[in-house]
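Student: Can you walk me through this one? I have not looked at it before.
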Amino acid sequence: MKILLGRVFLIFVALSFQPLARLHAKPSGQCSDAELLIRNAKIITMDRTHSIVTSMAIRDSHILAVGSDAELAPCAGPRTQSLDLQGHVVLPGLIDVHTHALEWAKNVLRNDVDPGYPKVHSIAEITKLITERASTLPSGKWIRGAGWDESKLAEHRYITRKDLDAVAPNNPVWLEHFTGHLGVANTRALELAHLTRNTPAPSGGVIDKDGSGEPTGVLKDNAQSLVQALLPHDPSDLALKAVRLVTQRALEVGLTTIHDICLPADSMRAYQQARKEGWLKLRVQMAPLVSSVAEAQALANGGVYTAFGDDFLKLGAVKMFADGGMAAKTIAVYEPAAGEPGNLGLLIWKPEDMQKAQHILAGAGWQLETHAIGDRAMDEVLDSYQSVMKDLGLKEPRFRIVHAGLSTPAIQKRLRELHVLVDGNPAFVYWLGAFFPKYGAQRVRWTYPAKSYIENRIVAAGTSDVPVTPISPWWGIWALVARRDMQSGQILAPEERVTILEALEMYTRNPAYTGFEENQKGSLEPGKLADFIVVDRDVLSVPTDELKDVQVLKTFVGGELVSTKAVPR
Ligand SMILES: [Zn+2]
């Protein structure tokens, strides 16, 4: 039986990671009066030794004990519900520490057209959708969509305003790229924004121009706000509806905890309302965005900081952006991409301002997470983290780099020495692998690595960055093991493939640690929250390519059955 071993481990962890760690101690020695007893299962506990057991007892939202069916039989009492899983595989609830889940759900609810793969395969198909939509609307009404990706369109180029003008001359159109780092507006929308060839790009943004200096309609990073500011206001209940959609979709695919990043105030309010009304069954860490020193000071002045909240809803890290996106060619690099001479990308913050803002925030108790994809951006962030840690005397504050796309051995060395964590994106290898070789074949070797993190003892978590890739964590788990690019079919940096158990660690133990929750989540051990899933096949023995097809049959959060729907993705 694992009762004793589990408790000893928990005490060790609790002592090691005070003060944020919290220990759910149980009365010693006894396992009785369980509310739920799982039997006859293959429970992959994801504990330190990767134990596999058949039975698990649960009471008061927590795991009482794990062991064999015979060992746990005494846990049952008159009120115990016993569940025979007939050999099915059980895993800890999966955790995604980098999503834009609520914004994704809002877009699903508010968009007029879906220009994303696999719904469409060409610009011609997108303009057909817009023609149809425009025919139902009075002139002047906005047409919105999100999710297009030129690498998956037959034309293999950005959509331009001219494509859109041809089918919707009288309706302003805004189509956001799947990365969120750019969008395209038609001429009607540019006119409403008073955007001409002479309009200066805002700081941290790019107004894309053609050979004659005219705007193409494509706006990158901060320049998107020129048009986004004009979009119609959302209905007042949109955010709350989006919480329902996120909760349902996340639980269906086996996620029991997500971190929702760059949350605006109305989204935080909606999560809080769902929690208050008692129907938030998904655990959420909310991460606000800070874009200036003044915003950093305002947030620090607010008095709350990382981990404020409860087991279902709490504040996570504070997010900042160091650079842009790979598809937008705005990541900050030391060497430009092919065909982009002189383009070293965007550094969104002046280094001294980033340090100032991060100093203020870390000093106020916030965990830091910073988006950095290019190598030059990662060095800027690591410089800032290093100086903040030194100034404030922080030993292991678990600062995070989000994405860490174009890694190098030198960057890995810095990550290890500074104990900086990585919120990685394994699913990008499949969905976005076509972009990697643009930065040079030799850099593909180090792009979105995984095995190197394990070898270098860097704590990396796997994330979807939904809507950049689909919300299902099974894409990332599969991609960690397979590393196959969708378009070329090639295995990218095969030396970076990991085993299935290592892949599962990146969706269980590691992200629990990232979120300061390793005492509560990430493995099925006594004292931890009873967040677990039942899946339709044995993930330890199926052929690799089946990992992306895994269906979640049941999802339990705090011992409560919250989803039983298996859905195709
Ligand atoms: Zn993101």
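**Helix α9 and the zinc site**

Tutor: Start with helix α9, residues 265-276: its twelve residues should span 16 Å at 1.5 Å a residue, and the end C-alpha atoms are 16 Å apart, which agrees. The expected span is 1.5 Å times one less than the number of residues. Helices (H or I, at least four residues) and strands (E, at least two) are DSSP runs, numbered from the N terminus. This is a predicted model: local features need pLDDT of at least 70, side-chain atom pairs count only at pLDDT 80 or more, and totals for chains, interfaces and linings use all residues. Residues are numbered from 1 along each chain as its sequence is written, and side-chain values use heavy atoms, with hydrogens and water left out.

Student: Which residues in α9 are buried?

Tutor: Ser267, Met268, Ala270, Tyr271 and Ala274; buried means under 20% relative accessible area, exposed over 50%, partly exposed in between (1.4 Å probe, protein chains only). They cover an arc of only 160° around the axis, so they sit on the same side of α9. The arc is that of the directions from the helix axis to the C-beta atoms.

Student: And what is exposed on the other side of α9?

Tutor: Arg269, Gln272 and Lys276.

Student: New topic. What coordinates the zinc ion?

Tutor: His98 (NE2), His100 (NE2) and Asp465 (OD) do, at 2.1 to 2.2 Å. Donors are N, O and S atoms within 2.8 Å of the metal (3.2 Å for Na, K and Ca); water is not among the atoms, so sites may look incomplete.

Student: How are the donor residues spaced in sequence?

Tutor: As H-x1-H-x364-D. His100 is in the loop between β8 (94-99) and α3, and Asp465 in the loop between β21 (460-462) and α17 (473-482), so the pair ties together parts 365 residues apart in sequence.

Student: Are His100 and Asp465 buried or exposed?

Tutor: Both are buried.
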